[in-house]
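User: I would like to learn how to read a structure like this one. Can we go through it feature by feature?

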Amino acid sequence: MISQLLGFIPRKCLQFELIRKEITIIAKKSFETKTLQKLTDEEYIELNPAIASKMSKISRNLYKGQSVAIFTSGGDSCGMNGALRASVRMAIYLGSQPYMIREGYQGMVEGGEHFVKAKWSSVSSIIHLGGTIIGSARCAEFMQREGRKKAAFNLVQRDINRLVVIGGDGSLTGANIFRQEWSGLLDELLAEGKITTQQREKYVDLHVVGVVGSIDNDFCGTDLTIGANTALHRITEAIDSIASTAYSHKRIFILEVMGRRCGFLAMITGIISEADYVFCPEAPPPMDWHDRLCEKLQKEGEGGQRLHIIIVAEGASDLNGEPITVEIVKKVILDKLKRESRITVLGHVQRGGATSAYDRILACRMGAEAVVAVLEATGNTTPVVVVLTNNQIERIPLMGAVERTQAANEALKSGDWAKAIALRGVFFQGNMMALKLLSRAKPPTKEQCCVPPPFNIAVMHVGSPACGINAATRSLVRTIIYNGDRIFGVSNGLVGLIAGQLKPLAWSDVIGWCSQGGAFLGMNRITPEGKYPEIARRLREFNIQGLVVIGGFEAYRTVLSLTTERGSYQEFCIPMAVIPSTISNNMPGTEYTIGADTSLNEITKICDLIRDSARGYKKRVFIIETMGGFCGYLATMAAMAAGADSAYIFEEKFNVRDMQRDCANMVAKMSDVIERGLVLRCEGANKNYTADFMQRLYEEESNGLFSCRTCILGHAQQGGKPTPFDRCIATEMGIACGQFIHEQMVKSLQTDGTMLAVTKHSACMLGMIGPEYKYTSVEDLSHQTEFQYRTPKNQWWMKLRPLLRILSTHDSAYTTDNKAPVHQQPVDINCTVN
Ligand SMILES: Nc1ncnc2c1ncn2[C@@H]1O[C@H](COP(=O)(O)OP(=O)(O)OP(=O)(O)O)[C@@H](O)[C@H]1O
Ligand SMILES: O=P(O)(O)OC[C@H]1O[C@](O)(CO)[C@@H](O)[C@@H]1O
């Protein structure tokens with residue numbers, strides 16, 4: 001993620017320069033194969049004319065009379081059910097007949113009851129379940145042409161020539177081979193008298209669209225595959241449990257995570273677990289790793305560190321391709337350090353459990369888009385796979401992506417790690433760099449501290465707690481110390497600053513902060529208006545030359561206010577930065593704020609509990625009120641993740657007639673097999689249509705069919721422990737911000753040693769936009785903000801509202817996620833790690 005950011009790092013910054021050198025590899029013309037090249041717009045339109053004008057809305061019954069089959073194949077992953085649900089429901093919405101094929105290709109080959117006509121309710125209450133309710137399999141018969149002929153026969157018999165494949169690269173390869181052979185297979189079936197001429201003519205082509213489900217995140221072309229985020233949840237839960245016992249006994253723990261051919265899980269786990277050492281397939285350690293590892297453990301132990309975690313990906317090896325296993329690591333530590341360690345192999349635990357909110361939403365987006373793509377397909381259409389790029393759902397040519405994935409696997413096998421990393425894409429590369437930076441960061445030596453003279457930076461939290469604030473503070477503190485600067489922690493926000501409660505933070509002060517919720521420095525919502533002289537006095541007294549404020553809307557307002565007072569107070573002419581952190585995700589200049597993912601998961605879990613409560617008792621509708629102020633992010637996304645029926649938010653005006661329509665919808669659903677209804681309401685949705693009003697309205701309109709209860713979630717939404725996503729973005733934002741502030745201080749330093757930061761770019765907010773971190777000046781952001789409602793003027797997630805409505809039976813006009821033409825991502829070969 002921080003690959004783009006590295007572009008901003010000043011050349012002077014030696015440690016980053018070293019890493020930059022290390023990550024620069026020589027471009028290899030040989031892997032600029034056709035499949036890796038970007039398609040031009042003209043080529044795209046030629047390949048896929050139906051999607052060329054994507055601005056057109058896709059509305060109900062557009063593809064009446066078509067059939068589409070959906071199946072899961074290869075290893076299962078959490079989120080496959082969500083993708084199945086979205087595909088089935090989108091197909092019904094578009095007027096086509098969805099089939100679910102049980103047991104993957106095996107079911108397709110065997111036919112019979114493996115083909116199930118799906119109804120709306122066939123996929124009810126499955127979005128939260130791990131695995132796949134329709135079963136998955138590895139099918140040897142389908143590998144043979146004869147097997148595929150049987151599958152073709154079974155499809156044609158049911159009028160199906162459109163397939164959505166949810167699986168890994170093997171499954172997608174199989175689908176493409178099947179598609180290429182289709183015509184020949186049908187000719188043979190016709191010659192054998194198994195199908196009619198009419199059928200042969202009707203089903204000229206097989207249309208295939210892929211959705212990638214895999215916990216390994218090993219498919220090239222998508223930033224994330226369905227299931228990887230949930231696997232990180234399982235790993236994080238395990239590490240949190242291990243940490244407490246390891247800490248108690250001053251123990252070394254060696255943890256094996258999955259990933260035969262891809263180190264994604266190991267890499268992210270390394271970033272978010274404060275791991276001491278990470279072994280992953282793409283970055284084999286130097287040959288003397290035995291000594292380096294033991295030296296590191298030794299030093300850290302002497303420095304008082306009680307807990308040591310070593311992460312080993314199951315596919316890790318050394319530079320000679322010799323496997324590095326948890327047992328080998330254990331033996332090295334015993335032989336060289338004479339210390340006991342403990343091994344934990346997580347195994348299939350990582351593939352199970354409840355699906356994370358992130359994976360559910362990703363699955364909804366990908367599953368729905370896949371069905372639209374397969375129904376739009378015509379004879380000329382290139383088969384595509386639906387991927388996530390820059391937080392957008394896109395379609396890329398299926399075979400290019402599969403070939404690229406296979407090329408990455410080959411590169412790993414042949415020891416060309418740089419090529420493997422290049423093929424994995426920018427998202428992977430950025431995370432690899434973050435891991436390298438973190439694992440290298442050590443307290444500076446005395447000499448480093450003296451040249452150049454250290455700057456003084458203060459970090460302060462303003463606003464309400466959100467999970468991940470401590471993780472951001474930890475990596476910020478360490479980056480600043482590593483840069484040779486000095487950092488002061490301010491207790492209790494501006495109140496503490498005015499009271500002079502600033503204390504220097506040392507390297508070891510932030511050990512263990514990554515996994516902890518809340519805000520250890522203390523925080524409140526007080527903003528600086530009317531207190532400028534006192535604030536200026538303290539900044540002068542402590543000679544603060546740079547300020548980082550971590551928090552929500554008030555944090556942003558604090559920096560904006562101080563900046564506007566720069567003309568009156570020279571003390572405010574210092575570089576300032578905001579790290580956005582609030583559960584509400586209501587800040588401009590960023591798609592995600594730290595803490596929002598944790599909150600979303602907490603709400604989703606509670607919705608799961610409520611939905612499953614008192615099963616078989618009475619039909620019931622729950623009105624669940626979420627936090628978020630006037631920002632409907634949490635209500636909307638939690639509704640999508642929980643599979644709720646509606647989400648009422650301030651940004652989308654509604655009246656009593658809309659609610660009556662929704663009630664009628666609910667009555668229709670509850671008259672069938674559905675027993676639980678979930679309606680989410682953002683706390684600021686409407687001042688008159690309160691949760692209580694909604695409860696009464698729904699109950700009244702139900703005519704006794706169901707009862708209705710309200711549930712105000714309150715502060716449980718702030719969460720206990722940050723999710724892996726929040727830990728990861730917090731850690732990376734902390735690093736990025738430490739670099740930004742140092743760079744700005746270097747720029748603003750005057751010859752007399754004073755600081756004079758007056759440009760708008762010296763006061764910025766860090767934001768996550770797509771896979772990149774970007775800075776926008778708070779001044780520019782002020783034009784993008786609805787201050788009255790504390791929301792950004794444009795909110796990216798609003799485009800998901802039609803999908804939410806469609807998946808819960810309402811009418812809406814779905815627009816495909818991305819307006820840009822489908823393309824294959826170019827490989828960034830100048831920005832890789834080896
Ligand atoms: N080259 C191929 N030709 C025809 N069918 C194939 C081919 N490769 C895979 N398949 C079909 O897809 C199934 C699943 O493939 P595979 O076992 O490689 O899992 P995958 O989809 O890559 O998932 P995972 O990432 O979990 O391994 C195979 O059992 C087979 O039926
Ligand atoms: O479930 P199986 O067949 O043991 O496969 C395990 C493998 O599948 C994955 O979970 C997904 O491909 C890998 O991480 C792991 O190596």
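Analyst: Start with the ligand. This is a predicted model. A backbone N or O atom of Gly170 sits 2.8 Å from an oxygen atom of ligand 1.

User: Which side chains have a polar atom or an N or O atom listed against an oxygen atom of ligand 1?

Analyst: Two cases to look at. Arg138 places a polar side-chain atom 2.8 Å from a ligand 1 oxygen. Asp169 has a side-chain N or O atom 3.1 Å from an oxygen atom of ligand 1.

User: How much of the accessible area of ligand 1 does the protein cover?

Analyst: On its own, ligand 1 has 620 Å² of accessible area, and the protein covers 83% of that.

User: Which residues come nearest to ligand 1?

Analyst: There are 17 residues around ligand 1. Gly75, Arg138, Cys139, Gly170 and Ser171 come nearest.

User: Now salt bridges. How do I read one, and how many are there?

Analyst: Look for a side-chain nitrogen of Lys or Arg within 4 Å of a carboxyl oxygen of Asp or Glu. The count here is 38. Take Glu369 and Arg395: their side chains form a salt bridge at 2.8 Å, N to O. Glu369 belongs to helix α12 (residues 357-376) and Arg395 to strand β11 (residues 392-397), so this pair links distant parts of the chain, 26 residues apart.

User: Are Glu369 and Arg395 buried or exposed?

Analyst: Under 20% relative accessible area means buried. Glu369 is at 0%, so it is buried. Arg395 is at 2%, so it is buried too.

User: What other partner does Arg395 have in a salt bridge?

Analyst: Glu376, again with 2.8 Å from N to O. Arg395 is in strand β11 and Glu376 in helix α12, so the pair ties together parts 19 residues apart in sequence. Both Arg395 and Glu376 are buried.

User: Which residues do salt bridges with shared partners join into one network?

Analyst: Arg145, Glu146, Lys149, Glu188, Glu192 and Lys194.

User: And Arg292 with Asp288: how far apart are the closest N and O atoms?

Analyst: They are 2.9 Å apart, in a salt bridge. Check the accessibility as before. Arg292 has a relative accessible area of 45%, so it is partly exposed. Asp288, at 35%, is partly exposed as well.

User: What follows α22?

Analyst: Gly643, with a positive phi near 70 degrees.

User: Which residues does the UniProt record list for a domain?

Analyst: The unreviewed UniProt entry lists residues 68-373 and 456-740 under "domain: Phosphofructokinase". Over residues 68-373 the chain is 45% helix and 15% strand. The end C-alpha atoms of that stretch are 11 Å apart.

User: Last, the whole chain. What should I read off?

Analyst: The chain has 27 helices and 24 strands. Of its 834 residues, 63% are buried. Among contacts with a separation of 6 or more, 80% join residues 24 or more positions apart. The accessible surface is about 30700 Å², with 52% of it on carbon and sulfur atoms.

Notes. Residues are numbered from 1 along each chain as its sequence is written. Chains are lettered from A and ligands numbered from 1 in the order in which they are written. Side-chain values use heavy atoms; hydrogens and water are left out. Buried means under 20% relative accessible area, exposed over 50%, partly exposed in between (1.4 Å probe, protein chains only). Helices (H or I, at least four residues) and strands (E, at least two) are DSSP runs, numbered from the N terminus. A residue is near a molecule or strand if one of its heavy atoms lies within 4 Å of it. A polar contact is a pair of N or O atoms within 3.5 Å; within protein, one must be able to donate a hydrogen and the other to accept it, and residues adjacent in sequence count only if both atoms are side-chain atoms. Accessible areas come from the Shrake-Rupley method with a 1.4 Å probe; for residues, only the protein chains shown count as cover. UniProt positions are given in the numbering used here, feature names are shortened, and annotations may be inferred rather than shown by experiment. Contact means heavy atoms within 4.5 Å.
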